[in-house]
Amino acid sequence: MSFTRRSALKLTAAGAAAPMILKASDALASSGTVKVFAWQDYVQPNIIEAFEAETGIQLELTTYGSNDEAESTVRANGGKGFDVVFPSITNSGGYVDDSGDSFFAPIPAAVNTENVITSFVRDSAGLGGVFKGEQILLPFDWGTEGVTYNSASMPIEGQVSYGDLWADAAKGKAAFRQKSVIMGTGLYLDAIGAVPSNRMLDVYKSEDDARRVWGEVTKWILERKDNFGAFWNNATEATAAFKEAGSIIGQTWDTTGLLLNRENSDYLYRAPKEGIVTWLDSFGILKGAENPEQAVAFMNFMLKPETGGMFANNTGYNSAVAGAAEFASPEFKAQFNEVYTPDVLGNMWWWQADTPFFAPVRNEFVEIITNA
């Protein structure tokens, strides 16, 4: 995902079992250092302090602000210089060298893969986590885009739907980001059989399929343009759509809905029954890692539910570690458990890796909606 998304959010393996390395005395094979290359806000001082205190391993941190920056740095170094890297999982293709091999090594059996939410590991295979039949990246954190609505102004019985944005009660009061609403509405139209799209995966299949699906979805949306209330492109605009522009329902990021709920309990953020749109970041060990044992120790530390809770409190992002929310703040824990039920976690709709035609074609239809 892009740095823009992170900036906006700030506003607000298989194999035989091996011993988990957690103590400095266990890490005798190399230097006692692990070199981590991560997003700017992922590995904060409290995590570094706790890791070093628990393991005795020194953590050397280098940060980046975009996937492009991370990929170009790893590529320029020939896949060396770092032990653990945190790419967005859909960007794993950017870490393939000129010979067609990934810079990432298969996840060692000593890494506690079983600590990751099972459905996330399952779904990661189709998003870039598996390369040539081997798991090279593990899910680390994630965020969603679902439906925020004012339950006092627009009560909704049962599970919400992306189709609720187009109900009569929402005329002139629906908020959304144009490049996302054509995905959410497309999921709704596929679910009711109006615009078959293989759950919107066809838009990644070919340019012809993308134009067919988005063309029909856009036509359907424009027939209901009276529901347009506000467009948003960042967290500030999304919040203002409700607090200033009078919107009572919208397709929003999780942070928008959850922060509104903290101010006013009438606002609810919920997962649509068609599947909540989800982005996923990951981490893995480079083949050129100088400190592979320490890298395993670091990954296992980050895969502890207690660390996942600390990470959630630090960043506001959701940890992919099962049970991490139990160790987050009471407020975060309560909201997480209310929104992300087991059924929801088993029905995520993941952003896929962009195909060459994806963004240019999508932008054409975004402009049509914007100019309507």
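Helices (H or I, at least four residues) and strands (E, at least two) are DSSP runs, numbered from the N terminus, and in these terms Pro139 lies in strand 6 (residues 138–150). This is a predicted model, in which local features need pLDDT of at least 70 and side-chain atom pairs count only at pLDDT 80 or more, while totals for chains, interfaces and linings use all residues. Residues are numbered from 1 along each chain as its sequence is written, and side-chain values use heavy atoms, with hydrogens and water left out.

**Confidence**

- The chain has a mean pLDDT (the predictor's confidence in each residue, from 0 to 100) of 90, and 92% of its residues reach 70 or more.
- Over residues 1–30 the pLDDT is below 50, and this stretch has 64 contacts (heavy atoms within 4.5 Å) in the model beyond near neighbours in sequence.

- Leaving aside neighbours within four places in sequence, Pro139 is in contact with Val116, Phe120, Val121, Ser124, Leu280, Asp281, Ser282, Phe283 and Ala320.
- Pro139 and Ala169 are 30 residues apart in sequence, and their C-alpha atoms lie 39 Å apart in space.

**Nonpolar cores**

- A nonpolar core is a set of buried Ala, Val, Leu, Ile, Met, Phe, Trp, Tyr and Cys residues joined through side-chain atoms within 4.5 Å; of the 110 residues in the largest one, Tyr42, Phe86, Phe120, Trp214 and Phe298 touch the most other members.
- Helix 9 (residues 292–302) supplies the largest share of this core, namely seven residues.
- A second, separate core has six residues, among them Ala230, Phe242, Leu260 and Tyr267.

**Aromatic rings**

- Rings of Phe, Tyr and Trp (its six-membered ring) pair if their centres lie within 6.5 Å, and planes under 30 degrees apart count as stacked, over 60 as edge-to-face and the rest as tilted; by this rule the count comes to 35 aromatic pairs.
- One of these pairs is formed by Trp39 and Tyr64, which are tilted at 55 degrees between the planes and lie 5.1 Å centre to centre.
- This pair links distant parts of the chain, with Trp39 in strand 1 (residues 33–39) and Tyr64 in strand 2 (residues 58–64), 25 residues apart, and both Trp39 and Tyr64 are buried.
- Ring pairs also link a cluster that includes Tyr42, Phe86, Phe140, Trp279 and Phe311.

**Helix 10**

- In helix 10 (residues 305–315), the buried residues are Thr307, Gly308, Gly309, Phe311, Ala312 and Thr315, and their cover includes helix 2 (45–55), strand 6, helix 9, strand 12 (318–319) and helix 11 (330–339).
- Gly316, which follows helix 10, has a positive phi near 85 degrees.

**Two loop residues**

- Arg177, in the loop between strand 7 (174–176) and helix 5 (178–191), counts as buried because its relative accessibility is 10%.
- Leaving aside neighbours within four places in sequence, Arg177 is in contact with Glu145, Trp232, Asn233, Gln251 and Trp253.
- Gly288 is found in the loop between strand 11 (276–285) and helix 9, and counts as partly exposed because its relative accessibility is 23%.
- The C-alpha atoms of Gly288 and Gly78 are separated by 8.2 Å, although these residues are 210 residues apart along the chain.

Conventions
Buried < 20%, exposed > 50% of the residue type's maximum accessible area, 1.4 Å probe, protein only.
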